[in-house]
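Hi,

Here is the structure I promised to pass on.

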Amino acid sequence: MRCDLHVHSVASGMFDAPVLSRICRESYNDPTEVYERLKHLGMSIVTITDHDSIDAVEVLRRYPDFFLSEEVTVKMPSGTQMHLGVYGISERDHAEIQRRRNDFIALLMYLTERKLFFSVNHVLSGLTGSRDEEDFLWFASYVPAFEVRNGQMWPPANAGAEKLARRLGKAGIAGSDSHTIAGVGRTYTEVAGARTAEEFLAGLRAGSGVSCGAHGSYSKLTADVYRIIWAMLCDQPWTLPLMPLAVFAPAFTAVHWLNEIRFCRKWSTKLESEEKKQRLLWQLDSGLETNLAS
């Protein structure tokens with residue numbers, strides 16, 4: 001059974017950057033088109049992991065092989081942000097997850113209580129900003145899975161994530177992280193013997209997932225940026241006067257790509273040089289204890 005566990009649609013909302021947050025969406029993928037594309041490429045079951053949103057469910061709930069998931073933007077105890085993939089949720093779960101997402105500990109307790117499967121996405125990427133060493137201690141102790149193959153990450157970042165997951169005894173998952181229709185279903189997870197979404201998720205929990213498909217590259221990222229620009233123009237023709245700025249897209253993606261390489265190398269080296277440390281809930285500083293008690 002195959003499933004792309006990291007896919008975006010138009011429901012992911014606006015691009016999280018100054019100016020662009022007013023005019024450009026994270027993705028212009030139509031949910032139904034995403035579903036049809038995934039099925040065409042051989043996905044046995046389908047989910048969409050929009051940023052802090054489950055709006056795509058409105059048009060996809062009619063399909064029996066669709067299950068609900070989301071990519072949650074979470075605030076860590078250190079103050080940094082990370083993306084957490086949460087799978088097989090209900091609409092009620094979504095509401096509670098969104099209520100708790102600015103408090104990692106509170107969210108962690110809810111996900112654990114509900115026995116929901118979740119993963120740290122693009123663990124060696126600087127996509128969500130800076131990272132703190134303490135964050136990795138939390139990941140090591142309490143997150144059951146790491147995304148070890150992301151279709152937008154350069155191969156060494158995926159290899160580093162897989163190595164880290166193996167060393168920490170984490171389940172590994174894979175997904176395209178595609179914000180355009182071109183990459184949907186090109187990176188996915190396989191679970192042998194599963195027949196339903198429930199059995200597929202049980203296989204992931206047991207560590208039976210196999211990561212398959214494409215890695216990312218600079219050219220792939222740049223092509224996707226141009227696809228999003230074109231989709232923005234089609235959606236909002238008044239942005240046409242801004243089109244000359246598109247010539248700078250390769251420079252923008254080059255800076256981003258180099259930053260990703262720097263981030264990955266920094267943390268891969270740092271994590272490899274340290275012993276695994278467990279982060280336990282009773283080993284909190286006074287500030288975290290106060291937050292937890294409240």
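D177 is buried, because its relative accessible area is 3% and buried means under 20% (exposed is over 50%, partly exposed is in between; 1.4 Å probe, protein chains only). Although D177 is not a glycine, it has a positive phi of about 50 degrees. You'll find D177 in the loop between β6 and β7 (187–190).

H122 sits in the loop between β4 and α6 (133–142), and counts as buried at 6% relative accessibility. For background, most residues other than glycine have a negative phi.

Before you go further: this is a predicted model, so local features need pLDDT of at least 70 and side-chain atom pairs count only at pLDDT 80 or more, while totals for chains, interfaces and linings use all residues. Residues are numbered from 1 along each chain as its sequence is written, and side-chain values use heavy atoms, with hydrogens and water left out.

Now the sheet. It is open, has 5 strands in the order β2-β3-β4-β5-β6, and its pairing is mixed. The edge strands, each pairing on one side only, are β2 (69–75) and β6 (171–175). Two strands pair if DSSP finds at least two bridges between them. Ignoring direction, neighbouring strands of this sheet are turned by 40 degrees against each other on average; the axes are lines fitted to C-alpha atoms (for helices over the stretch in contact), and angles run from 0 to 180 degrees between N-to-C directions.

How many bridges join β3 to β4? There are 4, between residues 81–87 of β3 and residues 117–120 of β4, and the two strands run antiparallel. Across from F118 in β4 stands V86.

Next, the aromatics. Rings of Phe, Tyr and Trp (its six-membered ring) pair if their centres lie within 6.5 Å; planes under 30 degrees apart count as stacked, over 60 as edge-to-face and the rest as tilted. By that rule there are 6 aromatic pairs. One of them is Y35 with Y63, which is stacked at 3.8 Å centre to centre with 15 degrees between the planes. This pair links distant parts of the chain, 28 residues apart: Y35 is in helix α2 (residues 31–40) and Y63 in the loop between α3 (57–60) and β2. Y35 is buried at 9% relative accessible area, and Y63 is buried at 17%.

The pair of Y87 and F117 is tilted, because the ring centres are 6.1 Å apart and the planes are at 40 degrees. Y87 belongs to strand β3 and F117 to strand β4, 30 residues apart, so this pair too links distant parts of the chain. Both are buried: Y87 has a relative accessible area of 1%, and F117 has 2%. F104, W138 and Y142 form one aromatic cluster.

Last, the surface. L242, L245, V247 and F248 make a nonpolar patch of about 400 Å². L242 lies in the loop between α9 (218–235) and α10 (249–272), and is partly exposed at 36% relative accessible area. Patch residues have over 30% relative accessible area and no salt bridge; like charges are joined within 9 Å and nonpolar side chains (Val, Leu, Ile, Met, Phe, Trp, Tyr) within 5 Å. A salt bridge is a side-chain nitrogen of Lys or Arg within 4 Å of a carboxyl oxygen of Asp or Glu. Accessible areas come from the Shrake-Rupley method with a 1.4 Å probe, and for residues only the protein chains shown count as cover.

Cheers
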